[in-house]
Structures are given as structure tokens and as C-alpha cells.
Amino acid sequence: MSEETTPPRPSLATLLRSGAAPQAAGAEATDTGNQTGADADADADTIPPADAEPRTEAQDIGGGEPDAQQDGDSPTLEGGIAPDFLRRPAMAPAAIRRTPRWQWLLLFALALLLAVQVVLADRATLAARAGWRPLVAGLCTVLRCTLPPWHQPTAYTMLQREVRPLPGRPGVLQVQASFRNDARWAQAWPALSLSLSDADGRVIGRRLLQPRDYLGAAHDPAQRLEPGQSAQIAFLLREPSAATVAYAFEFR
């Protein structure tokens, strides 16, 4: 008897090749333009050569339209019309940029009116200053406004004074004085301060006399002493002490 030999078992690769052949035949029957499955896999894994030249054509990502904007140009919409906020302002000619003369005159008139109002509102304070007094007085002359009288007690000059006992009336002093207004403007009648002292120089009595005290009740408060005008006054005063030997006048 001869020994039966077992045929060798085909390998896995052989089985795969035998199964791939019918599939490739079916694929060629369906699409004659395609490669076999094994060739297609080989082509997919193939790396292109390094010396292959890349495409030099620039890809137009923005739709193929060239950049229409240039430096200094305003962007425009379709139709070549730009919106108002993108338009460059046109340079106005010199004749248009020149300010009309009437506008300058109006501005000057408004500034002058404001200055006049400020002066009128503060005229009492300004009129008390020698530098501002003429300007404010002239303005009030035109506009017919009133000014407070000029008050400068140091501008009064005492010309003559006398204090003596009144005969026949013990304890009563008769006061007589004359003075002049040396200020540049008219002044109201001044208040008069009279101080009495004893032989040791001590002040034993002092009194502040208003114009109605030494001129009487008939005195008009609106009456003024013009520049350079002199006035004389006389009044009676009760003596505070029999030791009075000196006196002093002061304008207030």
C-alpha cells in the first residue's frame, strides 16, 4: 500500500489572491476606466516626487476681482457712489472761508453790551475807586443811572476850629469850624468826631457828630460839597468835665 500524502494547505496569501481576481474582473466589467483594487491602493499610497513643480497660478480667494481701493481713495459702493460719511470733504474756496464783516461787528457789539452790563451791575464798587470813577460817571450820565457820592474823608481840610465855653451857660461849649473839600469829586457832608482831653492828655470825652447834628434837622442828605467848596459849622456841646483843656477834630 502506498501512503496517502496530504496535499499542502494553501497559504492565506494564495487565498486572498484567488479571491481578489474575481473582484477585479467584476470591477473591470463595470467601469473599464478604473484600475484594479490593488493598483488603486498602490496609487493612493504613492508620494509625488520632490522635484515636481508647484502650481504657480495665484488662487483668487476674494472672488477674482482686483483690489479697487488705492491709498488715499475713498471706498465706494456698487455704482461708484460712496456714502456721505466716507466722502472726503471738499476744500472750500478762500472767499467762502472768510468770515463776513457783519459777524465781527455783531460779536463786538455783544462784547460791548456785556461789558456795559457788568459795569452797571457793579457801579457802586467801581465808583468808589478813583481810576474807575470817571468812566462810571460818564456811563451813568449817558444812561441816566445814579451813583453813590464820592467818600474820601482824608480829602477834607480843616481851615479853622474853635471850642470855648458859652458865656452865661456853665458846662456848655460853643464849637465853630470851617473846612474845605479838596477831593476831585463832590462829597456828602462828613461825619465829625470831636475828642476832648485834660491837661495830662487823657481823653475825657468823645462824640461822633453826623451832618444832622451840626447842621440841624433842616439838612438835606442829598446836598453835596463840590470840589474846592468850603463850609462853616457852629453848634453847642455839653462839656463832660471842667478839666477840659484840649480838643481834636477828625473827619469820618
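Cys 140 and Cys 145 are joined in a disulfide, with their sulfur atoms 2.0 Å apart, and the count for this structure, which is a predicted model, comes to one disulfide. The torsion about the S-S bond of Cys 140 and Cys 145 is about -105°, so the disulfide is left-handed.

From the disulfide the reader can turn to a sheet. Three strands form an open sheet in the order β5-β4-β8, and their pairing is antiparallel. Strands β5 (203-209) and β8 (246-251) stand at the edges, and because each has a single partner strand, one side of each is left without a neighbour in the sheet. From one strand to the next, the twist averages 15°. The antiparallel pairing of β4 with β8 runs over six bridges, and within this part of the sheet Ser 195 stands opposite Ala 248 in β8.

Strand β4, which covers residues 192-197, also holds Ser 193. This serine has a relative accessibility of 4%, and because buried means under 20%, Ser 193 counts as buried. Leaving aside neighbours within four places in sequence, Ser 193 is in contact with Arg 206, Arg 207 and Leu 208, and also with Ala 248, Phe 249, Glu 250 and Arg 252.

Two of those contacts, Glu 250 and Arg 252, lead on to the charged side chains. Side chains of opposite charge can pair when their charged atoms come close. Glu 250 forms a salt bridge with Arg 252, the closest N and O atoms being 3.6 Å apart; Glu 250 is partly exposed, with a relative accessible area of 43%, and Arg 252 is likewise partly exposed, at 43%.

A search of the whole structure finds five salt bridges. Among them is the one between Arg 180 and Asp 182, whose closest N and O atoms are 2.7 Å apart; here Arg 180 counts as partly exposed at 26% relative accessibility, and Asp 182 is partly exposed with a relative accessible area of 39%. Arg 164 forms a salt bridge with Glu 162, and their closest N and O atoms are 3.6 Å apart. Finally, Asp 198, Asp 200 and Arg 202 are linked with one another in a network of salt bridges.

Note on methods. Residues are numbered from 1 along each chain as its sequence is written. This is a predicted model: local features need pLDDT of at least 70, side-chain atom pairs count only at pLDDT 80 or more; totals for chains, interfaces and linings use all residues. Side-chain values use heavy atoms; hydrogens and water are left out. Helices (H or I, at least four residues) and strands (E, at least two) are DSSP runs, numbered from the N terminus. Buried means under 20% relative accessible area, exposed over 50%, partly exposed in between (1.4 Å probe, protein chains only). Contact means heavy atoms within 4.5 Å. A disulfide is a pair of cysteine sulfur atoms within 2.5 Å. Two strands pair if DSSP finds at least two bridges between them. Axes are lines fitted to C-alpha atoms, for helices over the stretch in contact, and angles run from 0 to 180 degrees between N-to-C directions. A salt bridge is a side-chain nitrogen of Lys or Arg within 4 Å of a carboxyl oxygen of Asp or Glu.
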